[in-house]
Structure formats: structure tokens, C-alpha cells
Amino acid sequence: MAFLKWSSEGKWLATGFLLLILLMGSGSFVSYQNATELIESSRKSQQTYEVIKTLGNVFSTMTVAESGRRGYIYYGDRKELTRYQVAIDQFEPELTELRLLLSNHPNQAPRLVKLEALIKQRLALLAQSIDLRQKDRATIIQQTKITDRSVQLREQIQAVIAEMQSEEQQELKQSIIQSQTSIYGRRLIEIWLNLLGFSILFLGFFAFYSQLIKRQNAETIQHKLAQQQELSELKLRFFSMVSHEFRTPLSVILGSAQLLLESHQPWTADRTEKNLRRIQSSAKLMIQLLTDILTLTRAEAGKLECNLELVDLEAFCLNLIEDFECYSLATHSFQLVSQCGYSHAQLDEKLLYSTLSNLLSNAVKYSPKGETIRLILSCDRDTIVFQVHDQGIGISSTDQESLFEPFYRGQKATTIAGTGLGLAVVKKCVDLQNGKILVDSQEGVGTTFTVKIPHLDDGNL
């Protein structure tokens, strides 16, 4: 009987041990599947990131080649020709890498063929432009036609790249959703197995510890890859925006300067002044864009500081309006309405100038020609209030919710040149001065931005 009893206990122990091994093995297998799923998802994320990065490199190289070509065509600078040649030499390695990355992506094959064909056409145009420049320096009409065609091809290339990136992102999104669903189901099973295993033997917990560490590492890798992908998308968006925004004023400057330099007929003072003002206006646009980028970058890095100084409020506003009257080339009129009892206040003049200049610039940009833009100055005991009022296209209530986000453009603003940085800069500058900014707008009627900045009363009234 003792033997039978011992045998029965042995059977229970053996059964429990086997069950524990089975539970541990099952849990380890499920956990291994989860880790494998995450690693595979991370690999797909890495591959998608590499595809997007390579596409961005192709577009950036194309931009550098075009920039070098223009520098050589318009200025005859041999260094620009060298920069162009270096960019051209980079295309084949980048395209080879892109073909390798997309070798297992049959959906991308037609787009890749189309992209290579468009790049080939554009490279041929660039080479033709260089040849024309080397043979005959006065081929302005031919160069203009080539440039127009090159711009068209660039837009087509950009569209194809955007489609390819969208396809990659969509496939990655579907893969992540499938992985999350699969992992979630297996996690539920894993939890029950762990609970059963713990009830049998507490030490079974340690068998899953190493798998848990692997899973956490895989999730960390996936999170880092997602951050890298987001950073790459922001960089591509930023460089595309800067390239687009700099192209127009640069074209105006180059065109006006070329007219002044190459004209063989005497110019009247009015025509000369008109071209010089166009150059000056375009240069100011570029300076404003660079200032906004620098201000926003310094603010994000925490290096933008508020330095208070005594400011003559009315003189400051008059000088600001005078600058815009010169900048707007008489397309708009400006009016200062002063309702403030203070003549001076302790404020940061640079931050204030950046704030109001961006608001006035937007008012000019989104108001019909001939309209009056008002700058209203008022104050109370401890607050200076600036209001910029226009009678422009207005801002919808939906757009107002995201108005101060970097790169955000309203639905009605997509047809008007702009970067989406101005109001983000305004918000940073106002926040740095512990101020508030409010917007009151109605579509088709106009917009009023109100900036309230606290100030120190030092007795200067």
C-alpha cells in the first residue's frame, strides 16, 4: 500500500511537474512569438524608414543638382558646376539602394520605374542646360524653357515620391495593426498561462523573465525607429518648404538683377527703382523666413531669452508701420490707433518686433489689395495691448484650433504662399513674455489678433 501510495504521489508530482513544464513551455512559446512579431515589425519599420530616407536623399540630391546648375548658369561659378557634377554622381548609388530596398515590394515597382524615367528626363534637361551655357552664354529664352520644364518634372518627381512614401507608410501601418492584434491575443493567453504556472510553482516566474526583457528591448527598438521615421518626415517636410519658399524671392532677385545687368538700353529712374525695390522686397522676405526659423529653433532649444528694456511705444509702432509701408509697395495702407496713456514701458523690443511684424505680414498676405490694416495700441495699469485688424479672408473656427502649430496652414491659405511658421513664432514670443494672444475672426469679414503683454510700471507716463 505504501508503494502504491508513493506511486500515486509520484504520479501527481510527475503530472504537476509535466504540467508546469507544459505551462512554462507554452508561455515561453507564446512570449517568443510576441518577441518575434515585434522584431519583425521593427524590421519592417526599419526598412520603411530606409525607403523614406532614400527617397528623401534622391529628392535632396536632385535639389542640389538643380541649385548647382542654376548657380553655374546665372553666375558662371565653376564651384557650382562642380557641386552639380558631385550631385549627379550620387544618383546611381542612391537609385541602386532604392531598387534593392524595394525588390520585395511589387506594388512599388511601377512607381519606381516612373520615378527613374522622370529622373532620367530631368537629368537630361540639366545636362542640356549645362551644354547650352557652355556653348552660348546668352541663351536666356532656352534656359528659361528648360527651367520651366525642369520645375514641372521636379513636381512630378515629388508627387511620385510622395505616393511611394504614402504606400510604404500604409503598408507599415497595416503591418503594425496586424501585429498589435496578434500580440494582444497572445498576451491574454500568456497571462492565463503565467497565472496557472504561478499557482503551481512560484519559481516558474523566473523562466519568463528573460523573455520579458527581450520583449521590452524589442518595444524600445520599435519606439526609437518610430521616432526616427517621424524626424525624417519632419526634415523632408522642412527642406521641401524651405526650398519652395526660397525659390520665389530668389527668382525675383535673379531676374531683376539680370535685367539691370544685361539691358542694353538706358533705364529710366522709375524702372530702375522698381527693379531695385523688387530685389529689396524679395530679400526682406528671405530675411523674415530665416529670422522665423532661427527664432523658432532657439525657442525650442530654450535659448530664446526675454530682455526687458524701456521702449517708446508709439515711436516703435510708427517705425514698424513705416517699415511695412515700404515693404508692401503701396498695395495696402496702414493706420495706427493709439489709445494708451503710457508713452514708455519695459518690454523686449526684439520679441515685440517679431510678434507684430509677423501679424502685420499675415494681414498683408491675406487681405485684398487696397485694404487698410490697423494697428491698435492700448493699455491698462499693468498690461500693454496690441491689436492687428484686417478685412481679409478670415479664419475658420476649425483652423483656429491648430493655428499656432508649426507648419500648419489653414484650408483657405493653401493657395497663398507661406511657411506656416509665422504664428508659431508669434506664440513662442508671446509666451516668453508671459503674455496672451487671442484671435477673433469671421470668414469673409476679417481677423483681429489681440496680444496682451504684462509690463513693469516704472513711472514713465
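What percentage of the 461 residues in the protein do buried residues make up? Then, at what angle do helix α8 and helix α10 pack, and how far apart are their axes?

A: This is a predicted model, in which local features need pLDDT of at least 70 and side-chain atom pairs count only at pLDDT 80 or more, while totals for chains, interfaces and linings use all residues. Residues are numbered from 1 along each chain as its sequence is written, and side-chain values use heavy atoms, with hydrogens and water left out.

Of the 461 residues in the protein, 39% are buried (under 20% relative accessible area, with exposed over 50% and partly exposed in between, using a 1.4 Å probe and protein chains only). The protein has ten helices and seven strands; these are DSSP runs, H or I of at least four residues for helices and E of at least two for strands, numbered from the N terminus.

Helix α8 (residues 349-365) and helix α10 (residues 422-432) pack at an angle of about 150 degrees, with their axes 9 Å apart. Axes are lines fitted to C-alpha atoms, for helices over the stretch in contact, and angles run from 0 to 180 degrees between N-to-C directions. The angle therefore makes α8 roughly antiparallel to α10 (over 145 degrees; under 35 is roughly parallel, 65 to 115 roughly perpendicular and the rest oblique). The crossing of α8 and α10 is left-handed, meaning that the near helix is turned anticlockwise from the far one by less than a right angle.

In α8, the residues that meet α10 include L351, L359 and N362; in α10, those that meet α8 include G422, V426 and C429. Contact means heavy atoms within 4.5 Å. The residues of this contact of α8 with α10 divide into eight nonpolar, five polar and no charged (Ala, Val, Leu, Ile, Met, Phe, Trp, Tyr, Cys and Pro count as nonpolar, Asp, Glu, Lys and Arg as charged, and the others, Gly among them, as polar).
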